Structure formats: C-alpha cells, structure tokens
Amino acid sequence: MSQSVTTPEPITASHIRTILSQHGYRITSPRQRIVEQALLHDRPFTAEQLVAELRNHEDGSESNIGRATIYRTLEILASMDVLSRVIQPGGHAAYVVDAPGHRHHLVCSQCSATVAFTSCPIDELVQDLIADTQFQIHDHMLEVFGLCPECQPPTNGT
Ligand SMILES: [Zn+2]
Ligand SMILES: [Zn+2]
C-alpha cells in the first residue's frame with residue numbers, strides 16, 4: 001500500500017471566509033484579522049500566542065481585538081475543522097490550520113513541524129467500543145510524535 005495519506009494542500013483565507021459564511025457566521029473585520037494571523041502559522045500555535053501577536057500591530061498601535069473574541073473565533077474555526085487541536089509533546093494544547101475534514105497529526109517533538117494525515121485508524125475501534133459500551137462517542141484524538149527529517153541526527157553512512 002503506497003497511497004499517500006498525508007495532506008499538504010494549504011487552505012486559503014477566502015476558502016475559510018466561504019466556510020464561515022456557509023455556517024452562518026458574519027465575516028467581521030476582527031474575524032478576518034484572526035483568520036489571516038492564524039494562516040501565518042505553519043506550526044501549531046496557542047490562543048495566547050495569537051492574542052500576543054494581534055495585540056501589537058506592525059505600526060505600533062494597539063489592536064482592539066479582545067482576548068475573548070480571539071478565543072471564541074478560534075473555537076468557531078476549530079468546530080468547522082479549519083483548525084485542529086493538537087497536543088504538543090509537552091502536553092499542552094495548540095491549534096494547527098487545516099483543510100476541513102477529519103485529521104490526525106504527526107508532530108515533531110523537537111521543532112513542532114506538523115504533518116496532517118486523513119486516514120483514521122480509530123474508526124473501526126470506535127464502532128466496536130460503541131457496541132461494547134453503549135457510549136455515544138463524539139470525538140477522539142490521536143497524535144503521533146517523532147522527529148521530522150530535518151531534526152534527525154545525520155547518519156554517518158557516507
Ligand atoms: Zn523537527
Ligand atoms: Zn480519527
């Protein structure tokens with residue numbers, strides 16, 4: 001089986017705007033700024049990181065986007081799968097930008113490089129768990145930690 005399961009294609013701000021309005025959310029200018037700021041990250045970021053980045057404009061003026069708005073918007077984006085929550089090697093939660101759809105992630109424990117993959121090995125297990133436990137299961141998480149190619153020590157094979 002050689003079919004690639006990773007999904008490197010990026011999502012754009014306009015795609016996110018479309019998804020937001022399809023879900024009935026207005027594209028306010030704070031939301032727009034939050035989306036654009038989130039898209040600058042190709043590594044996992046925390047809500048607090050985004051708060052800090054959005055607080056200071058490049059021109060030195062104070063941002064008027066409140067912390068609550070940022071947290072709420074990130075939650076909305078996560079609920080639409082535009083952002084995924086990933087657990088960092090240290091155990092704290094972060095967000096990573098994604099194309100919509102069910103995702104799991106490989107996370108480099110050294111540099112936090114993140115690769116999404118769509119194949120879900122849990123699906124079958126979930127069906128068995130429901131049958132065995134009568135739980136209503138609505139979510140699951142799976143992160144795979146390791147070292148990305150960049151962070152692996154050089155091999156001395158040459
Ligand atoms: Zn790495
Ligand atoms: Zn899954």
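How many bridges join strand β3 to strand β4? In the predicted model, local features require pLDDT of at least 70 and side-chain atom pairs count only at pLDDT 80 or more, while totals for chains, interfaces and linings use all residues. Residues are numbered from 1 along each chain as its sequence is written, and chains are lettered from A and ligands numbered from 1 in the order in which they are written.

Strands β3 (residues 104–108) and β4 (residues 114–117) run antiparallel and are joined by four bridges; pairing of two strands requires at least two bridges found by DSSP. Opposite L106 stands V115 of β4. Five residues lie between the strands of this hairpin, in which S112 adopts a positive phi near 70°. Strand β3 is also joined by four bridges to β5 (residues 143–146), in a parallel arrangement, with E143 of β5 as the bridge partner of H105.

The protein as a whole comprises five helices and five strands, assigned as DSSP runs (helices H or I, at least four residues; strands E, at least two) and numbered from the N terminus. Of its 158 residues, 19% are buried, a class defined by 20 or more other C-beta atoms within 10 Å of the residue's own, with exposed set at 12 or fewer, partly exposed in between, and C-beta atoms placed from the backbone.

Helix α5 (residues 123–133) contains I130. This residue counts as exposed because it has 12 C-beta neighbours inside 10 Å. Beyond its neighbours within four places in sequence, I130 is in contact with F135 and I137, contact denoting C-beta atoms, placed from the backbone, that lie within 7 Å. Among contacts between residues at least 6 apart in sequence, 49% join residues at least 24 apart.

Conventions. Two residues are in contact if their C-beta atoms, placed from the backbone, lie within 7 Å.
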